[in-house]
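Here are my notes for a colleague who is new to this entry. Please read them with the structure open.

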Amino acid sequence: MTDARVPILMYHAVSAEPSDATRALSVTPEAFAEQMAVLADLGLTPVCTAELAERWRFGGPLPDRPVLVTFDDGYEGVHRHALPVLAKHSFAATVFVTTGWLRGPHNMGGELDTMLDWDQVRDLASAGVEIGGHSHTHPQLDQLPDGHLRQELILCKEIVQDELGSVPASFAYPYGYSSRRVREAVQETGYGQALAVNNGLARRRQGPYTLTRLTVRRSTGIDEFTRLVEGRRIVRSFAGDRALTKGYALVRRARQVRRKAIRSRV
């Protein structure tokens, strides 16, 4: 199974009444429960991010049909709605927290909806959910200068370690954006693996710092969800996303070149 293609599902908010900012990338509690039931019915076995990366790094065995269930940002509904469903099925999961968005002493503002507090994060960790890093303030990391980039990575890691008593092993890039410089900084900060988006199946050959995920959104119907976890018609499902991503990548690349030119003249 070391060359298996593994679906890594990317969720955000699980909410009946999400904010306007999170609605498109949210799922209802009922939809999430139905999707987890599909995983169980299909005989898929959820594993956490660190486990998948460790097995691929050292060649250990994986379950026959592995899948990852991941959540970005740290919305409160992950604790309220998703955790009971995960517990019902004894499913592993990973939550990537934006430490400056969570409710509590480290909050910097800017969060898009009701977030977890640290007691809830500890509840998730106690239930076996892996807690990973997702930066401190959720910037586009590849647009940051080196010092600011490392501050985002290190502060996130240190806050999670201080609050939970354990070092986060995994990271997810905000917006899915990374670059060689960002990936090297993530590795140097001590994260063992990192997840992007790209809307495809993950494979060992992608390397531990560019693992691909599949976006689950409010418009994802149960038939489409079933096709995604079975690895069918993925390109068709995300054709629009790919076109937008390519166009925006050109814009962001031009911005990077312009910033470098300005810094070189200073």
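How are H4 and H5 oriented to each other? Point 1 takes this up, after a word on the source: this is a predicted model.

1. **Helices H4 and H5.** H4 covers residues 118–126 and H5 covers residues 146–164. Their axes come within 10 Å and cross at roughly 75°. Angles of 65 to 115 degrees count as roughly perpendicular, so H4 and H5 are roughly perpendicular to each other. On the H4 side, the contact uses Trp118, Val121 and Arg122. On the H5 side, it uses Ile159, Val160, Glu163 and Leu164. By class, this contact of H4 with H5 has 5 nonpolar and 2 charged residues, and no polar ones.

2. **The chain as a whole.** The chain has 266 residues, and 48% of them are buried. It holds 9 helices and 8 strands. Take the contacts with a separation of 6 or more: 66% of them join residues 24 or more positions apart. The accessible surface of the chain is about 12300 Å². Carbon and sulfur atoms account for 50% of that surface.

3. **Strand E3.** E3 spans residues 66–73. Here 8 of the 8 residues are buried, so E3 is largely enclosed by the rest of the structure. Which strands pair with E3? E1 does, in the parallel sense, over 4 bridges. E4 also pairs with E3 in the parallel sense, over 4 bridges. E2, residues 45–46, pairs with E3 in the parallel sense over 2 bridges. Tyr11 has Phe71 in E3 as its bridge partner. Phe71 in turn has Val95 in E4 as a bridge partner. Thr45 stands opposite Pro66 in E3.

4. **Strand E8.** E8 runs over residues 211–215. Is E8 mostly covered or mostly open? It is mostly covered, with 5 of its 5 residues buried. Leu211, Arg213 and Thr215 point one way from E8, while Thr212 and Leu214 point the other way. Both sets are buried. E8 pairs with E1, residues 8–11, in the parallel sense over 2 bridges. There, Leu9 has Leu214 as its bridge partner. E8 also pairs with E7, residues 193–198, in the parallel sense over 2 bridges. In that pairing, Arg213 is the bridge partner of Asn198.

5. Most residues other than glycine have a negative phi. Asn198 has a positive phi of about 65° although it is not a glycine. Asn198 lies in strand E7. Asn199 also has a positive phi, of about 50°, and is not a glycine either. Asn199 sits in the loop between E7 and E8. Its relative accessibility is 7%, so Asn199 counts as buried. Please look at both residues in the model.

6. **Thr98.** Where does Thr98 lie? Thr98 is in the loop between E4 (94–97) and H4. Its relative accessibility is 0%, so Thr98 counts as buried. Neighbours within four places in sequence are left aside here. Thr98 is in contact with Asp73, His134, Ser135, His136, Thr137 and His138.

7. **Lys157.** Lys157 lies in helix H5. Is Lys157 buried or exposed? Its relative accessible area is 18%. The cut-off for buried is under 20%, so Lys157 is buried. Not counting residues up to four places away in sequence, Lys157 touches Val167, Pro168, Thr189, Gly190 and Tyr191. Lys157 and His136 are 21 residues apart in sequence. In space, their C-alpha atoms are 8.7 Å apart.

8. **Asp142.** Asp142 lies in the loop between E5 (130–133) and H5. Its relative accessible area is 5%, so Asp142 is buried. How far apart are Asp142 and Arg180? In sequence, they are 38 residues apart. In space, the C-alpha to C-alpha distance is 8.9 Å.

Note on methods
Residues numbered from 1 in each chain as written. Predicted model: local features only at pLDDT ≥ 70, side-chain atom pairs only at ≥ 80, totals over all residues. Heavy atoms only, no water. Buried < 20%, exposed > 50% of the residue type's maximum accessible area, 1.4 Å probe, protein only. Pairing = 2+ DSSP bridges. Axes fitted to C-alpha atoms, helices over the stretch in contact; angles between N-to-C directions. Parallel < 35°, antiparallel > 145°, perpendicular 65-115°, else oblique. Contact = heavy atoms within 4.5 Å. Nonpolar A, V, L, I, M, F, W, Y, C, P; charged D, E, K, R; others polar. Areas by Shrake-Rupley, 256 points an atom, 1.4 Å probe, with all protein chains shown as cover.
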